[in-house]
Amino acid sequence: MMTQYHYLPRKKKKAKFPWFLLWILLLAVVALYFLTPWKINVLNELVVVPVVEGVQKNYQASLRIGVNKPGLVSVTLIDQSTSSTATVSRDVFFVWNHKDVTVPFTVDKPCTLKANVAFLRTSTIIDVGLGVSLKDVYVMGSYYQGKVNLYERPEGYPTFKVVGTATAEDGFIPLTILKNYGFEVQGDATSISWDLDSQIKVTLDVQARQMRFSSKKYNDLYYALPLSGTFEINKNGAVKGEGVVIPLPEQVTSALGARTFPQVGLVLHRGYFTVEDSPVQIFEYIDKFGTYLLDKATFDKDARAREVYAHVNTLKLEIEELSKDFSQVWLKDRKDTEALLAQFVSPNDRTCDLISPIPNPIVTSYFGEREHPLLGTTVLHSGIDILAMAGYPARAAADGQVVYTGYRTQWGYFAVLKHSGCATVYAHLLRLPQKQEYTQGEVFAYTGASGFVTGPHLHFEVRIGGKPMDPRPFIGIK
């Protein structure tokens, strides 16, 4: 009998994991990490904003930091406003590639800050100057825990955000700072442009001292306005000024929490830019651009201008309806206007024979106390509103001389005509009178929708002895 043998299969030897190679790779990575140069880059200017929780001396500095490899970055804020420097605040952050960091700090006096940003063996210094006296500032309401709108200003809290400052003693600010806030700095930094919204472009011509509002769709539809305040530029393309207000692009004001973007403006002061709610001046800018468009649409029969005007007028109404500040501005403007008119009316005036500036007039708002349709407060309506489409010719109510033409927020473009025995006022005009002397019935001006209004019409007043009178008896309306 043959013996049968059963052979068990030979076990295969398992391959050993090459741990030594992993250790070599790990050591190579560590060596590469520590032996390669350390590079750090601060990707924006140091921005300082007030922090609302607490008192007005609490601030925070913001930086965007970039590194060439992951690691710990320290940010030290140093006050160099005095002969001896002092550390204001310090914080450490882990940065993988780039990171936005904020460093809170507290100061109770004006200071000049530097940020020492250190990444192991390398560091860089970033300058910032607050540029303001902390005791005089108050915080924009949209920062106030989301509970206060732009026009409720609690005492001791700011309305502004510092967005850029000059680092030199002469107070000139590099315009390139504005690139971080939606502005396009063109050429040699003598022209800045930005999209106010989807349809309107704004250009700041530094050398010409002009601000131009234009249509993004139709480049030839634009209106140039002289810049307010003082404004100058140096050979390096940096600016210095006082009280220059320009409207901010929509994306910036949206980030600030503003309900409608034309309510917020960038204000240039000596040595710093701030963001403020300044609707009145921006309202006038947009109103004058709209009046120019309405003029072209009416007299040149320009359909493109009508299209852009419809958009501009919507913006204007938004500002009027949402800007609570206008109630006080309107009342102050009215007081100033009354003082202005007092120069052109005589207390010896008695009466004069007038005709209606609009034939067969339809009165939409009468003389007397009324609730203002936009302000919601009861005020004296010192004239009558006569229905008129934009561009309708208004007649001189009597023979007279033009003693004043100008622009006011309350009335837009308006003119005063002095007659024998009285004076008449024509407001919300599209076009002002072009001559000094007019005869009764002669085309005097053209109606429009400039100023604080809900739509085109003619506001007409009669002033006798320096006081406003109901115009209806003088022009044959019962």
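**View 1. A hairpin of 6 residues joins β14 to β15.** In this predicted model, local features need pLDDT of at least 70, side-chain atom pairs count only at pLDDT 80 or more, and totals for chains, interfaces and linings use all residues. Residues are numbered from 1 along each chain as its sequence is written, and side-chain values use heavy atoms, with hydrogens and water left out. Strand β14 pairs with strand β15 (residues 222-226) in the antiparallel sense, over 5 bridges. Strands (E, at least two residues) and helices (H or I, at least four) are DSSP runs numbered from the N terminus, and two strands pair if DSSP finds at least two bridges between them. Across this pairing, Ser214 stands opposite Tyr222 in β15.

**View 2. Strands β13 and β14 form a hairpin with 4 residues between the strands.** Strand β13 covers residues 200-205 and strand β14 residues 210-215; the two pair in the antiparallel sense over 6 bridges. Val202 stands opposite Phe213 in β14. Within the hairpin, Arg209 takes a positive phi near 55 degrees. In a regular strand, side chains alternate between the two faces of the sheet.

**View 3. Ser191 is in strand β12.** The strand takes in residues 191-195. Is Ser191 buried or exposed? Ser191 has a relative accessible area of 13%, so it is buried; buried means under 20% relative accessible area, exposed over 50%, and partly exposed in between, with a 1.4 Å probe and protein chains only. Not counting residues up to four places away in sequence, Ser191 touches Glu184, Val185, Gln186, Thr203 and Leu204. A contact means heavy atoms within 4.5 Å.

**View 4. Phe172 lies in the loop between β9 and β10.** Phe172 is buried because its relative accessible area is 14%. Phe172 and Asn234 are 62 residues apart in sequence, yet their C-alpha atoms are 7.6 Å apart in space.

**View 5. Cys352 and Cys422 form a disulfide.** The structure holds 1 disulfide, a term for a pair of cysteine sulfur atoms within 2.5 Å. Here the sulfur atoms are 1.7 Å apart. The link of Cys352 and Cys422 is right-handed, with 70 degrees about the S-S bond. Cys352 lies in the loop between α5 (326-341) and β21 (363-365), and Cys422 in the loop between β27 (412-418) and β28 (423-431), so the pair ties together parts that are 70 residues apart in sequence. Both Cys352 and Cys422 are buried.

**View 6. A nonpolar patch on the surface includes Trp23.** Its members are Trp19, Leu22, Trp23, Leu25, Leu26, Val29, Val30, Phe34 and Leu120, with about 950 Å² of accessible area together. Patches are made of residues with over 30% relative accessible area and no salt bridge; nonpolar side chains (Val, Leu, Ile, Met, Phe, Trp, Tyr) are joined within 5 Å, and like charges within 9 Å. A salt bridge is a side-chain nitrogen of Lys or Arg within 4 Å of a carboxyl oxygen of Asp or Glu. Accessible areas come from the Shrake-Rupley method with a 1.4 Å probe, and for residues only the protein chains shown count as cover. Trp23 is found in helix α1 (residues 19-35). Trp23 counts as exposed because its relative accessibility is 54%.
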